[in-house]
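This report describes the fold of one protein chain for a reader who is new to structures. Please look at the sequence and the model before reading on.

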Amino acid sequence: MSIISLITGWPGPSGFGSASTAEDVTQGIDAGCLTAIVTGGASGIGLETVRVLAMRKVHVIIGARNLEAANKAKQQLLEENPNAKLEVLKLDLSSIKSTTEFAHNFLHLNLPLNILINNAGVMFCPFQLSEDGIEMQFATNHLGHFLLTNLLIEKMKNTAKSTGIEGRIVNLSSIAHAHTYGGGIRFNKINEKNGYSDKRAYGQSKLANILHVKELNRRFQEEGVNITANAVHPGLIMTPLMRHSLFLMRLLQAFTFFIWKNVPQGASTTCYVALHPNLKGVSGRYFLDNNEKRPSSYARDEKLARKLWDFSKDLISSKSKV
């Protein structure tokens with residue numbers, strides 16, 4: 001998508017563009033037979049994603065760290081749409097224990113799982129370690145979602161097989177994936193404070209989101225599994241995600257106001273990739289403004305994707321034994 005398309009909102013090959021909203025890209029879709037999980041679905045573009053999926057009759061499970069805020073959001077959505085099918089479960093993606101408990105609690109509901117939207121995240125945090133001793137942005141944005149996906153993947157495979165309906169995994173990445181450390185992922189220094197950059201650490205975690213779907217896609221193709229995995233950049237939106245850099249973002253917005261989106265526009269690419277029938281069978285791709293976009297060279301590196309997969313699996317295993 002060109003900068004002109006971004007500013008004007010002109011549609012791309014998909015028929016949609018930066019000005020399209022989540023309602024626009026799902027217009028006419030009846031998804032009443034689908035069940036979805038949306039992490040971080042209590043605020044921002046996650047909440048808008050939940051709202052629009054529920055509008056299209058999807059049964060949505062909201063994974064949220066703050067249960068009070070999530071249940072309040074649920075009640076507001078039910079007031080707007082009394083027929084919405086919504087559940088709320090506790091989920092702190094920075095915690096291996098909480099992520100594991102969320103997966104177990106969801107499986108205990110004995111529901112199918114067609115769509116997994118890995119939406120939750122943190123951005124530009126000052127250096128800090130999670131309760132498991134992992135750098136917070138990497139832990140929350142990538143590792144928690146990597147673990148969650150692995151814990152739920154058999155449920156998704158069984159759902160796809162028993163229903164004949166394609167499963168879809170959507171990772172929320174960012175154009176910031178191109179602004180990372182040298183080498184893409186600093187595997188040997190992932191938890192080190194020395195050399196830490198809040199911006200590059202965020203970019204690293206968003207690169208990991210794309211590499212994750214790339215490796216998922218390779219594995220799905222090898223197995224012949226009826227599930228797709230894609231990554232999306234929602235665009236520049238002022239949401240609670242930016243709380244650690246609010247002044248900087250406000251300043252940036254003042255000079256680049258013409259490329260910022262509102263929340264309904266910001267949730268559009270997620271909803272498009274999760275629901276639109278034109279993307280049946282499309283997997284391992286990166287989308288921006290509801291159209292496919294070529295990501296950075298690191299994000300296209302198959303060896304790096306495999307290395308990250310093994311690294312993530314080993315890191316979780318080492319922390320789980322502590």
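How many of the six residues of β2 are buried? Six of the six are buried, so strand β2 is largely enclosed by the rest of the structure. A residue counts as buried when its relative accessible area is under 20%. The cover lies on both faces of β2: His-59, Ile-61 and Gly-63 are buried on one side, and Val-60, Ile-62 and Ala-64 are buried on the other. The model discussed here is predicted.

**The chain as a whole**

The chain has 322 residues, of which 57% are buried. Its secondary structure consists of 11 helices and 10 strands. Among contacts between residues at least 6 apart in sequence, 77% join residues at least 24 apart.

Eight strands form an open sheet with mixed pairing, in the order β3-β2-β1-β4-β5-β6-β9-β10. At the edges are β3 (85-90) and β10 (291-292), each of which pairs on one side only. Strands of a sheet pair through backbone hydrogen bonds, either parallel or antiparallel. Strands β1 (residues 35-39) and β2 (residues 59-64) run parallel and are joined by five bridges. In this pair, Ala-36 has Val-60 of β2 as its bridge partner, and Thr-39 stands opposite Gly-63 in β2.

**Helices on the sheet**

| Helix | Strands touched or crossed | Angle |
|---|---|---|
| α6 (residues 136-163) | β1, β4, β5 and β6 (227-233) | about 165 degrees to β4 |

**A loop residue**

Gly-164 is located in the loop between α6 and β5. Is Gly-164 buried or exposed? Gly-164 is exposed, because its relative accessible area is 53% and the exposed class begins over 50%. Setting aside neighbours within four places in sequence, Gly-164 is in contact with Thr-159 and Asn-226. Gly-164 and Asn-226 are 62 residues apart in sequence, and their C-alpha atoms are 8.1 Å apart in space.

**Cysteines**

A disulfide is a covalent bond between the sulfur atoms of two cysteines. The structure holds zero disulfides. Cys-33 counts as exposed because its relative accessibility is 52%, while Cys-271 is buried, with a relative accessible area of 0%.

**Confidence**

How far the model can be read in detail is a matter of its confidence values. The mean pLDDT of the chain is 92, and 89% of its residues reach 70 or more. Where in the chain is confidence lowest, and where is it highest? Confidence is lowest in helix α8 (residues 246-255), with a mean of 47, and highest in β4, at 99. Over residues 251-259 pLDDT stays under 50, and for these residues the model has eight contacts beyond four places in sequence.

Methods. Residues are numbered from 1 along each chain as its sequence is written. This is a predicted model: local features need pLDDT of at least 70, side-chain atom pairs count only at pLDDT 80 or more; totals for chains, interfaces and linings use all residues. Side-chain values use heavy atoms; hydrogens and water are left out. Two strands pair if DSSP finds at least two bridges between them. Helices (H or I, at least four residues) and strands (E, at least two) are DSSP runs, numbered from the N terminus. Contact means heavy atoms within 4.5 Å. Axes are lines fitted to C-alpha atoms, for helices over the stretch in contact, and angles run from 0 to 180 degrees between N-to-C directions. pLDDT is the predictor's confidence in each residue, from 0 to 100. Buried means under 20% relative accessible area, exposed over 50%, partly exposed in between (1.4 Å probe, protein chains only). A disulfide is a pair of cysteine sulfur atoms within 2.5 Å.
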